[in-house]
Every structure is written in C-alpha cells, then in structure tokens.
Amino acid sequence: MSQPSVAPVVAHVDAENRYEILVDGERAGLTAYRDRGRQRVFHHTEIDDAFAGQGLASRLVQEALTDVRNSGKRIVPVCPYVAKFLKRHEEFADITDPVRPDVLRWLEAELG
C-alpha cells in the first residue's frame with residue numbers, strides 16, 4: 001500500500017458524537033463518545049483494516065483528547081484503546097475521570 005500523499009486530518013463530527021481521521025479525504029477510522037455534563041465519555045475506537053499499522057489510532061485519540069482539553073471538558077476512557085493511550089500519555093491525567101459503574105450504566109442507556 002502506498003503512503004498517503006497528504007498528512008491525515010482529524011475532524012470533529014459533533015452531530016455524530018465522534019472524531020474521524022481522514023487519509024486523502026477517505027475516513028480511515030473514528031473514536032466515538034457521548035457527552036455527560038462536563039465529561040466526554042469515549043466508548044469505541046476503530047481503524048479500518050486497510051489503514052492499520054500507520055499509527056492513525058494514536059494520532060486520532062491524541063487530537064481528540066487535545067480537543068476535549070481545549071473545550072474545557074473531562075475524559076472518561078470506557079474505550080480500551082483510549083484507556084491504554086492514557087496510560088502512556090500522562091499529560092492528560094489532570095482531565096481524566098475514572099470509569100465508574102454509574103457512568104457505565106448511563107452509557108449503556110445512552111447507546112441503547
């Protein structure tokens with residue numbers, strides 16, 4: 001597979017509660033969330049198989065969490081990938097809240 005000709009772009013798709021990463025204009029992956037007051041609860045991250053191994057998930061989550069910081073919200077990492085990312089990137093520790101049972105119950109109701 002050839003390398004992308006332009007740098008991947010991360011876009012916040014607010015209406016769909018997600019951030020997408022685009023490679024040459026094509027959606028390569030996403031990280032999905034729901035907002036709960038001041039908390040942005042991340043529950044799912046995926047990168048399409050065709051784009052695997054390019055570091056896109058890390059870049060996507062990095063930019064999404066930076067956007068959360070800039071918006072004054074807090075992070076709740078229900079998504080295993082986001083949780084793993086946060087263990088390696090302590091610069092977000094100050095805005096990260098624990099995943100608690102009440103958050104999980106709320107998220108389950110939100111997602112139906």
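## Strands, salt bridges and a core

Me: Strand 4 and strand 5 run parallel and are joined by four bridges. What makes two strands a pair?

Reply: Two strands pair if DSSP finds at least two bridges between them. With four bridges, strand 4 and strand 5 qualify. Val 41, for instance, stands opposite Val 76 in strand 5. Strands here are DSSP runs of E with at least two residues, helices are runs of H or I with at least four, and both are numbered from the N terminus.

Me: What kind of model is this, and which cut-offs apply?

Reply: It's a predicted model, where local features need pLDDT of at least 70 and side-chain atom pairs count only at pLDDT 80 or more, while totals for chains, interfaces and linings use all residues. Residues are numbered from 1 along each chain as its sequence is written, and side-chain values use heavy atoms, with hydrogens and water left out.

Me: Why do strand 1 and strand 5 stand at the edges?

Reply: The sheet is open, with five strands in the order 1-2-3-4-5 and mixed pairing. Strand 1 (9-13) and strand 5 (74-77) each have a single partner strand, so one side of each has no neighbour in the sheet. Neighbouring strands are turned by 30 degrees against each other on average, direction ignored.

Me: How do you know that helix 1 lies across the sheet strands, and what is its angle to strand 4?

Reply: Contact means heavy atoms within 4.5 Å. Helix 1 lies across strands 1, 2, 3, 4 and 5, and runs at about 165 degrees to strand 4. Helix 2 lies across strand 3, strand 4 and strand 5, at about 120 degrees to strand 5. Those angles run from 0 to 180 degrees between N-to-C directions, with axes fitted as lines to C-alpha atoms, for helices over the stretch in contact.

Me: Why is Arg 36 with Asp 102 called a salt bridge?

Reply: The rule asks for a side-chain nitrogen of Lys or Arg within 4 Å of a carboxyl oxygen of Asp or Glu. The closest N and O atoms of Arg 36 and Asp 102 are 3.2 Å apart, so the pair passes. It links distant parts of the chain, with Arg 36 in strand 3 (residues 26-36) and Asp 102 in helix 3 (residues 101-111), 66 residues apart. By this rule the count comes to eleven salt bridges.

Me: What separates Glu 63 from Arg 59 along helix 1?

Reply: About one helical turn, because they are four residues apart in helix 1.

Me: What makes a set of residues a nonpolar core?

Reply: Its members are buried Ala, Val, Leu, Ile, Met, Phe, Trp, Tyr and Cys residues joined through side-chain atoms within 4.5 Å. The largest one has 21 residues, and those with the most contacts inside it include Tyr 19, Phe 42 and Leu 65. Helix 1 gives the most to this core, with six residues.

Conventions. Buried < 20%, exposed > 50% of the residue type's maximum accessible area, 1.4 Å probe, protein only.
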